[in-house]
Amino acid sequence: QEFEGKYLYSFRMEAMDALKVWLAETKDKYFFDALALSPTNFIGANGGATVAAAKTALTASTLLTPALISKAKARCKLPTGEHSRIRPVRVEGKNYYMMIISPEQAYDLKRNAEWLQAQREAGPRGSSNPIFTDALGEFDGVLLYEHEDVSTFDDGGGAAIHGCMASLVGAQALVQANNRQTIWIEKTF
């Protein structure tokens with residue numbers, strides 16, 4: 001049976017919802033641009049290096065691994081001449097770092113045998129285990145999050161290797177200061 005009638009459609013609410021999405025995406029972009037602009041230190045597959053040197057050392061088989069996650073965490077805990085110690089976030093009495101990775105890095109990590117074993121054996125049992133959800137999980141006190149705004153590049157390996165720049169962060173990684181609240185203002189014509 002066909003419904004004949006008028007549909008109630010609020011252009012105002014649609015516009016407000018679209019603006020909320022736009023604002024959230026814009027803020028995310030600013031945050032990720034700030035993270036990529038000036039990394040404290042870079043930990044490539046072959047150890048610490050400058051961003052340029054680490055990008056040059058990349059090969060097509062260089063992937064994000066649990067060992068690299070642990071190495072990055074260890075570097076965060078120890079100050080060097082190149083960077084100061086990164087303070088972890090404290091949640092329910094435990095210290096955590098956060099690593100924000102690209103969808104491509106998440107894809108590679110989810111196919112790593114060591115990662116899968118750790119999530120299977122150390123994670124919660126049942127359907128809440130990260131391998132059955134969109135969550136990535138935790139490894140060695142590092143919580144992993146996937147985000148599409150992680151910086152990518154196509155000049156790795158000295159020329160044409162595609163790569164992504166994950167960020168391992170702790171407390172005070174980013175600060176947002178607001179001097180006023182975002183408000184909706186309408187003008188009628």
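User: Why does cysteine 164 count as buried?

Analyst: This is a predicted model, in which local features need pLDDT of at least 70, side-chain atom pairs count only at pLDDT 80 or more, and totals for chains, interfaces and linings use all residues. Residues are numbered from 1 along each chain as its sequence is written, and side-chain values use heavy atoms, with hydrogens and water left out. Buried means under 20% relative accessible area, exposed over 50%, and partly exposed in between (1.4 Å probe, protein chains only). Cysteine 164 has 15% relative accessibility and therefore counts as buried.

User: What makes serine 102 buried, and which residues does serine 102 touch?

Analyst: Its relative accessible area is 2%, so serine 102 is buried. Serine 102 lies in the loop between β4 (94-101) and α4 (103-109); helices (H or I, at least four residues) and strands (E, at least two) are DSSP runs, numbered from the N terminus. Contact means heavy atoms within 4.5 Å. Not counting residues up to four places away in sequence, serine 102 touches Glu146, His147, Val150 and Cys164.

User: How many disulfides does the structure hold?

Analyst: A disulfide is a pair of cysteine sulfur atoms within 2.5 Å, and the structure holds 0 disulfides.

User: Why are β7 and β8 said to pair?

Analyst: Two strands pair if DSSP finds at least two bridges between them. Strand β7 (residues 152-156) and strand β8 (residues 161-164) have 3 bridges in the antiparallel sense, so they pair. Phenylalanine 153 has glycine 163 in β8 as its bridge partner.
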